[in-house]
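Here is a short briefing on one protein chain.

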Amino acid sequence: PFQTRRGCPMRCSYCSTPGIEGCIVRKRRPETVIEALAGHIKAGFRKFYFVDNTFNMPLSYAKELCRAIIANGLQMEWRCILYPRGTDKELAGLLARAGCVEAGIGFESGSIKILRRMNKKFSPQDVVASSELLKAEGIRRMGFLLLGGPGETRDTAEESLALADRLGMDAMKITIGIRIYPETDLAKTAVADGLVSPEDDLLFPEFYMVPGLENWLRETIRKWLADRPEWIS
C-alpha cells in the first residue's frame with residue numbers, strides 16, 4: 001500500500017475519511033513520491049496499491065504522477081481507486097503506460113436517486129464512460145455496490161444490479177447493508193430512523209439496512225451471483 005495524498009472533499013454520506021483525514025486534499029510532491037517508490041522497487045517490491053481515496057482527484061495531479069512514473073522508468077505494477085467522474089481519455093492512457101493494471105470504481109449504486117442520497121457527484125452515465133475508457137486501455141476494472149442504504153427499494157437495487165451487469169467488470173463486490181461510522185450523515189439518518197441510539201459510539205460495527213428489504217436483497221443477489229463467477233458478496 002502506498003499513499004500520495006490525504007483528505008477528501010467529496011463528503012459521501014457514509015464515508016469516514018473526512019472525519020479522519022479532513023476535507024482538504026494535501027498532496028505529496030511528485031518528486032518525493034518517485035523517490036519513495038524507487039526506494040521500494042530497489043528493495044525488491046514491484047506491486048503497489050495506491051490507497052488514495054480518489055486517485056484521479058485532482059485530475060492534474062494524477063496525470064503529473066503518471067508522467068513522473070513513466071519519465072523515471074519505474075518498473076512496477078499498481079492498482080488504484082478512481083472516482084467515477086473525472087477520468088478522461090488522456091488519464092486512462094497515462095495510467096496504462098505508467099503500469100496501472102487495475103482500477104477500483106466505487107460507484108456504489110446504479111440509481112441516480114440513491115447516488116444523490118449518498119451525496120455522490122456523478123451519474124450512472126459517468127460510471128459507464130469511465131469504465132469504457134479503462135477497458136479500452138486494457139486496465140482491469142473492479143466495481144463496488146453498496147445496497148440497502150437510505151431510500152433503497154427493490155427498484156433501485158435492481159437498477160444497480162442491471163448497471164453492474166451492463167458494465168461487464170472484471171470483478172464486482174456487492175455489500176448488503178452500509179457500515180455506519182460516527183460523525184457521518186448516515187449516522188444521523190440511522191439515529192433519526194431509530195436504527196441506532198444517539199448514545200452509540202459505533203466502535204462496534206453497525207449497519208444501515210432498510211427495514212424489510214434484507215431477505216429479498218440476499219435472495220436476489222444470490223440468484224445474480226449464481227452465473228456470474230466474477231461477482232462476490
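Residues 24 or more positions apart supply 72% of the contacts in the protein that have a separation of 6 or more. The model is predicted. It contains nine helices and ten strands.

**Overall shape and surface**

- The radius of gyration is 19 Å. A compact globule of 233 residues would have a value near 17 Å, so the two agree.
- The C-alpha trace spans about 55 × 40 × 30 Å along the principal axes of the protein.
- Of the 233 residues, 48% are buried.
- The accessible surface amounts to about 11,700 Å². Carbon and sulfur atoms hold 52% of that surface.
- Side-chain charges comprise 33 positive and 30 negative groups. The centres of these two sets are 5 Å apart.

**The six-stranded sheet**

- Six strands form an open sheet with parallel pairing. Their order is β3-β4-β5-β6-β7-β10.
- The edges are β3 (47-49) and β10 (231-232). Each has a single partner strand, so one side of each lacks a neighbour in the sheet.
- In general, strands of a sheet pair through backbone hydrogen bonds, in a parallel or antiparallel sense.
- Strand β4 (residues 77-82) pairs with β5 in the parallel sense, over five bridges. Within β5, Gly104 stands opposite Ile81.
- Strand β5 covers residues 100-108. Eight of its nine residues are buried, so the rest of the structure largely encloses this strand.
- Strand β7 (residues 171-176) pairs with β10, also in the parallel sense, over two bridges. Lys173 has Ile232 of β10 as its bridge partner.

**Glu77, in strand β4**

- Glu77 belongs to strand β4. Its relative accessibility is 40%, so Glu77 counts as partly exposed. That class lies between the 20% and 50% cut-offs.
- Gly99 is 22 residues away from Glu77 in sequence, yet their C-alpha atoms are 4.9 Å apart.
- Beyond neighbours within four places in sequence, Glu77 is in contact with Arg46, Lys47, Phe48, Gly99 and Val101.

**Ala187, in helix α8**

- Ala187 sits in helix α8, which runs over residues 185-192.
- Is Ala187 buried or exposed? Its relative accessible area is 9%, so Ala187 is buried. The cut-off for that class is under 20%.
- Leaving out neighbours within four places in sequence, Ala187 is in contact with Ile180, Tyr181, Val196 and Leu202.
- Asp170 lies 17 residues from Ala187 along the chain. The C-alpha atoms of this pair are separated by 32 Å.

**Ser123, in a loop**

- Ser123 is in the loop between α5 (112-117) and α6 (124-136).
- Which residues are in contact with Ser123, leaving aside its neighbours within four places in sequence? They are Ile112 and Leu115.

Technical notes:
Residues numbered from 1 in each chain as written. Predicted model: local features only at pLDDT ≥ 70, side-chain atom pairs only at ≥ 80, totals over all residues. Heavy atoms only, no water. Helix = DSSP H or I, 4+ residues; strand = E, 2+ residues; numbered from the N terminus. Rg over C-alpha atoms; globule rule 2.2 N^0.38 Å. Buried < 20%, exposed > 50% of the residue type's maximum accessible area, 1.4 Å probe, protein only. Contact = heavy atoms within 4.5 Å. Areas by Shrake-Rupley, 256 points an atom, 1.4 Å probe, with all protein chains shown as cover. Lys, Arg positive; Asp, Glu negative; His and termini not counted. Charge placed at Lys NZ, Arg CZ, Asp CG, Glu CD. Pairing = 2+ DSSP bridges.
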